[in-house]
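The following note sets out points for a colleague who is reading this model alongside its sequence. Please consider them in order.

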Amino acid sequence: MMKYILVTGGVISGIGKGIIASSVGTILKSCGLRVTAIKIDPYINIDAGTFSPYEHGEVFVLDDGGEVDLDLGNYERFLDIRLTRDNNLTTGKIYQSVINKERRGDYLGKTVQVVPHITDAIQEWVVNQAKVPVDGDEIEPQVCVIELGGTVGDIESMPFVEAFRQFQFKVKRENFCNIHVSLIPQPSATGEQKTKPTQNSVRELRGLGLSPDLIMCRCSTALENSVKEKISMFCHVEPQQVICVHDVTSIYRVPLLLENQGVVSYLSRRLNMPIETKSRTMLTKWKEMSDRSDRLLEHCSIALVGKYTKFSDSYASVIKALEHSALAISHRLEVKYIDSAYLEPSTLQEEPVKYHEAWQKLCSADGVLVPGGFGVRGTEGKIHAINWARKQRKPFLGVCLGMQLAVCEYARNVLGWSGVITLLFSYHLSYVQ
């Protein structure tokens, strides 16, 4: 039987459910199990393709062309698997599917309702997608890690919570468990770790019919034993079911953190899963990589000149590529985020401090990367950065629009073709549209 692990979140969004879901999958895969992953996003959009980078960060593009949530990128990187667009489930996809069935008459004239039709569609989608091979060997996975986006109690996620409340009984207790990720705040005024938000979050989850098997507590420092015991007492779980996920030097240390707290042995007992007892090569290599990342001494800085630099997830794939490249050559990476609009002469008149700070960052970088973008805002600033990199012979990489603007800069400042930027940029806009 397929084993399903549902990861929910409480207190705040963006708490790290994606990394924790990926890490759980990683330590299970290191035991010899075949693992797949599904990300559920409660928004009504069909996919992430039309989002502004400031909404949910950058779009992650899968091998089949699916434009999906960034967490699927984490799943692919951590688990070394290849997912499809159907591994990203949204409210929009579910409602579109149900409405199409209703229009075809598949419901035989019945009143179409959230329960049972929407909830049944969610369960059917999860069951079907969990069987799709992701390792390239055409063998069905054994474990499916499902991440439910948002926070428990959000009105848009209610149909999904209800679907999994029903689902846990359909697949039986030994095939379904719930990991709840919650925040343990630590106010600077007292320095005391507060458990009340987690208690309230678990209480709400239980009220909706789901009972957490593991409570993973996100905190800035390691949980004190007294805090862990308090969560255990008020949330009706054993102390070993309270897992501390404190801040670490790298996200790649999270699987090791979970492994050291007995997550694999607990899931093995709870879900009756076959776990190999031999040495786990994958986890050993993972530890070696994490240790090497912590010991890096050489330093390199890259100026990322873009338009959405207030939110680092807007350029997640670029940042991950830079991080992996730096690790491969044993260098510690520093990314200097520069808003391209601040490099333009108009900013010197309006906000001279921001102008000089931006140019100082650019001039102190070891290399320059100009990523893609849309619209005319900040374009001239990117061209100024490209021009500076060319004249100073700084290493430069242009991606998408960044490469097109490098051509424009050379044509304008070296060949003297002043009109070429209008022509090429107009082509870029028409291509995007």
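Which residue in β12 is the bridge partner of Ala-303?

1. The model is a predicted one. In it, the bridge partner of Ala-303 is Val-368, a residue of β12. The pairing concerned joins strand β10, residues 298-306, to strand β12, residues 367-370, in the parallel sense and over 3 bridges.

2. These two strands belong to an open sheet of 4 strands, ordered β11-β10-β12-β13, with parallel pairing. At the edges stand β11 (331-339) and β13 (396-398); each has a single partner strand, so one side of each is left without a neighbour in the sheet. From one strand to the next the twist averages 20°. In general, strands of a sheet pair through backbone hydrogen bonds, in either a parallel or an antiparallel manner.

3. Helix α12 comprises 13 residues, 316-328. From its first C-alpha to its last it reaches 18 Å, close to the 18 Å expected at 1.5 Å a residue. Just after α12, Ser-330 adopts a positive phi of about 60°.

4. Which residues of α12 are buried? They are Ala-316, Val-318, Ile-319, Lys-320, Leu-322, Ala-326 and Leu-327. The cover over the buried residues of α12 includes the helices α3 (71-79) and α11 (281-294), together with β10, β11 and β12.

5. The largest nonpolar core holds 47 residues, of which Ile-5, Val-24, Leu-28, Met-216, Leu-258 and Leu-267 touch the most other members. Helix α1, residues 17-29, gives the most to this core, with 6 residues. Apart from this core lies another, of 28 residues, among them Ile-40, Ile-122, Leu-148 and Phe-167.

6. What does Leu-258 touch, not counting residues up to four places away in sequence? Its contacts are Ile-20, Ser-23, Val-24, Ile-27, Met-216, Ile-243, Val-245 and Val-263.

7. The annotation "CTP synthase N-terminal" covers residues 3-273. The end C-alpha atoms of that span lie 8 Å apart, and the span is 40% helix and 17% strand. The annotation "Glutamine amidotransferase", also from UniProt (unreviewed entry), covers residues 312-415. For residues 312-415, the end C-alpha atoms lie 35 Å apart, with 56% helix and 15% strand.

Note on methods: Residues numbered from 1 in each chain as written. Predicted model: local features only at pLDDT ≥ 70, side-chain atom pairs only at ≥ 80, totals over all residues. Heavy atoms only, no water. Pairing = 2+ DSSP bridges. Axes fitted to C-alpha atoms, helices over the stretch in contact; angles between N-to-C directions. Expected span 1.5 Å × (residues − 1). Buried < 20%, exposed > 50% of the residue type's maximum accessible area, 1.4 Å probe, protein only. Contact = heavy atoms within 4.5 Å. Core = buried A, V, L, I, M, F, W, Y, C linked by side-chain atoms within 4.5 Å. UniProt positions renumbered as here; feature names shortened; annotations may be inferred.
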